Amino acid sequence: MKPDVLGRALNDFFLHGRLVGPLLLHTSYGETEEMPVDVFFRQPGDFPELERIALSLCEGRILDVGAGVGSHALYLQTLSRDVTALECSPLACQIMHRRGVQKVIQGDFFQYEGERFDTLLLMMNGIGLAGMLAQLPALLRRCRILLRVDGQVLADSSDIRYLYEDGIKRPETGYYGEIRYQYEYRDWRGEQFPWLYVDQQTLTAVAHREGWSLEILYVDPYDQYLFRLKLSEEGSTT
């Protein structure tokens, strides 16, 4: 059984207000980083502008993909929105229940089969679930399966070419936005996992090939951007 390393750190923070040692994030591009955990528990007043815009656009039945400990789902509940939180970490799901998230599903986005939704919300670089650029079409096809007619995907990503401007060597093969991460906390070390950051031009090209229209809604000063996907008329008939 895979250790739920991030979930263990989140649970310690939830129960005790602190961690027993740092949550470390090993990366494929540079030195090990310390991952802040309080960001998962932030209140609406702490949401960045990008997230506030996305949350204001959520409508109908909403699936919060990779919901973490439910900060976005809890906020949407205060607006009387019909939101379901989908999260793969069992411990994070337990925390969401205890925090008051009403609808929680523990599962993998790529394997989840259930009702369809009007809005799929993928925040905190949520498009990264694709893992690799070659898997981005599969993520978009999964979104198609889970969306109702005229539904929307609200998600964000970043162009991380800036990482390679300070002497860090770019990958010799593959797309430069493909990163590998690994969590470490206390005596536990999780498995490496891929995460995708995709630039606007590349995302637009892939989305159009898959039958989606794409609208860039907001770009912050750090090249993180919010976008909306909707099936084009041609794509909605395939």
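## A residue pair in the sheet

In strand β7, Ala155 is the bridge partner of Leu122. Strands β6 (residues 117-122) and β7 (residues 147-158) pair in the parallel sense over five bridges. Two strands count as paired if DSSP finds at least two bridges between them. In general, strands of a sheet pair through backbone hydrogen bonds, either parallel or antiparallel.

This is a predicted model, in which local features need pLDDT of at least 70 and side-chain atom pairs count only at pLDDT 80 or more, while totals for chains, interfaces and linings use all residues. Residues are numbered from 1 along each chain as its sequence is written, and side-chain values use heavy atoms, with hydrogens and water left out.

## The sheet as a whole

The open sheet has seven strands in the order β5-β4-β3-β6-β7-β12-β11, with mixed pairing. Its edge strands, β5 (104-106) and β11 (212-219), each pair on one side only. From one strand to the next, the twist averages 20°. Strands (E, at least two residues) and helices (H or I, at least four) are DSSP runs, numbered from the N terminus.

## Helices on the sheet

Helix α4 (residues 90-99) packs on the sheet and touches β4 (82-87) and β5, its direction making about 170° with that of β5. Contact means heavy atoms within 4.5 Å. Angles run from 0 to 180 degrees between N-to-C directions, and axes are lines fitted to C-alpha atoms, for helices over the stretch in contact.

Helix α5 (residues 136-146) lies across β3 (61-65), β6, β7, β11 and β12 (224-231), and runs at about 145° to β7.

## Two helices in contact

Helix α1 (residues 5-16) packs against α4 at an angle of about 30°, with the axes 8 Å apart. Helix α1 is therefore roughly parallel to α4, a label given to angles under 35 degrees, whereas those over 145 count as roughly antiparallel, 65 to 115 as roughly perpendicular and the rest as oblique.

Among the residues that meet are Leu10 and Phe14 in α1, and Leu91 and Ile95 in α4. The residues of this contact divide into six nonpolar, two polar and three charged. Ala, Val, Leu, Ile, Met, Phe, Trp, Tyr, Cys and Pro count as nonpolar, Asp, Glu, Lys and Arg as charged, and the others, Gly among them, as polar.

## Cysteines

The structure holds zero disulfides, a disulfide being a pair of cysteine sulfur atoms within 2.5 Å. The sulfur of Cys88 is 7.9 Å from the closest cysteine sulfur, in Cys93, and so is too far for a bond.

Cys88 counts as exposed at 52% relative accessibility, whereas Cys93 is buried with a relative accessible area of 6%. Buried means under 20% relative accessible area, exposed over 50%, and partly exposed in between (1.4 Å probe, protein chains only).
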